[in-house]
Every structure is written in C-alpha cells, then in structure tokens.
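Open the model in your viewer and keep the sequence panel beside it. This tour goes stop by stop, with something to select at each one.

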Amino acid sequence: QYIDDICDSLDKHSKRHNFIGLGSSSGGIVSGSLGIAAAATILTPAGPPLLIASLFFGASATAVQTGSEAVGYFSEPKKLADKMIALHGLINSLLRVKGTLRDALLRDHIHI
C-alpha cells in the first residue's frame with residue numbers, strides 16, 4: 001500500500017543527492033584549480049587571494065556534501081525502507097528455521 005510512495009520518495013532523494021553531489025564535485029574541482037593557481041603564484045600579489053578563494057570553495061563544497069548526507073541519513077522514507085528490509089530479513093530467517101525444524105521432525109531427528 002505504501003511501497004509506491006516510499007519508492008517515489010527514495011527516487012526523488014536519489015536524484016537530489018546526485019544533483020548535489022555533482023555540484024559539490026564541481027566546487028571541489030574549482031577549489032583544486034584555484035589551489036594550483038595559488039601555489040604557482042604564491043609570491044605574487046594574486047597568490048594569497050587565490051589561496052583564500054580555494055579554501056572557500058573547498059569548505060563550501062564539503063559543507064554542502066555533508067549537509068546533504070545528513071539530510072539523507074535522517075530522512076523518513078529511508079528509515080522506513082531500512083525497517084522494511086530488516087523485517088523482511090527477520091521473516092526469512094524465521095521461515096528458514098521453521099522449515100529446518102519441520103524437516104528434522106519429519107525425519108525423526110528431534111523427539112518431542
């Protein structure tokens with residue numbers, strides 16, 4: 001009944017996560033490029049501002065990625081999906097144990 005809604009929500013979350021990851025990676029590339037330029041021109045007047053810009057882009061990309069991961073980790077559909085997967089594993093384990101006990105009783109390995 002709720003599985004379609006959960007799947008849609010997880011799909012939207014994945015698309016948003018991919019978009020944020022792409023933007024964060026682009027910010028990391030800009031940061032790295034500015035860092036290389038700053039290292040090459042550190043003794044000129046342009047070096048220190050490039051270094052500061054590199055640090056700014058790197059920090060902002062890291063902050064955005066960390067925030068996105070935190071939102072994704074604590075999202076309600078993900079928690080519900082994790083619970084459903086855990087319950088599915090629990091039910092499968094119980095059914096396996098029941099089958100093993102049934103087979104053992106039918107083969108007269110267990111005397112009750």
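A salt bridge is a side-chain nitrogen of Lys or Arg within 4 Å of a carboxyl oxygen of Asp or Glu. This is a predicted model, where local features need pLDDT of at least 70, side-chain atom pairs count only at pLDDT 80 or more, and totals for chains, interfaces and linings use all residues. Residues are numbered from 1 along each chain as its sequence is written, and side-chain values use heavy atoms, with hydrogens and water left out.

**Stop 1: the salt bridges**

How many salt bridges does a search of the whole structure find? The search gives 2. Select Arg 102 and Asp 103. They form a salt bridge, and the closest N and O atoms are 3.2 Å apart. Now check how open each partner is. Buried means under 20% relative accessible area, exposed over 50%, and partly exposed in between (1.4 Å probe, protein chains only). Arg 102 is partly exposed at 43%. Asp 103 is partly exposed too, at 30%.

Next, select Asp 11 and Lys 15. Here the closest N and O atoms of the salt bridge are 3.6 Å apart. Both residues sit in helix H1, 4 residues apart, which means about one helical turn separates them. Helices are DSSP runs (H or I, at least four residues), numbered from the N terminus. Lys 15 is exposed at 57% relative accessibility. Asp 11 is partly exposed at 40%.

**Stop 2**

Move to Asp 5. Helix H1 covers residues 3-40 and includes Asp 5. This residue is exposed, with a relative accessible area of 52%. Along the chain, Asp 5 and Pro 77 are 72 residues apart. Their C-alpha atoms are separated by 8.8 Å.

**Stop 3**

Select Ser 54. Is Ser 54 buried or exposed? Ser 54 has 9% relative accessibility, so it counts as buried. Its place is in helix H2, residues 47-73. Show the side chain of Ser 54 and the backbone of Gly 35. The side chain reaches the backbone nitrogen of Gly 35 at 3.4 Å. That is a polar contact: a pair of N or O atoms within 3.5 Å, where within protein one must be able to donate a hydrogen and the other to accept it, and residues adjacent in sequence count only if both atoms are side-chain atoms.

Now list what Ser 54 touches, with contact meaning heavy atoms within 4.5 Å. Leaving out residues up to four places away in sequence, Ser 54 touches Ser 31, Leu 34 and Gly 35.

Step across to Ser 31. This serine lies in helix H1. Ser 31 is buried, with a relative accessible area of 11%. Beyond its neighbours within four places in sequence, Ser 31 is in contact with Ser 54, Phe 57 and Gly 58.

**Stop 4: the aromatic pair**

The structure holds 1 aromatic pair. The ring centres of Phe 56 and Phe 57 are 5.8 Å apart and the planes meet at 70°, so the pair is edge-to-face. Rings of Phe, Tyr and Trp (its six-membered ring) pair if their centres lie within 6.5 Å; planes under 30 degrees apart count as stacked, over 60 as edge-to-face and the rest as tilted. Phe 56 is exposed at 55% relative accessibility, whereas Phe 57 is partly exposed at 31%.

**Stop 5: Leu 87**

Finish at Leu 87 in helix H3, residues 76-106. Leu 87 is exposed, with a relative accessible area of 52%.

Note on methods. Helix = DSSP H or I, 4+ residues; strand = E, 2+ residues; numbered from the N terminus.
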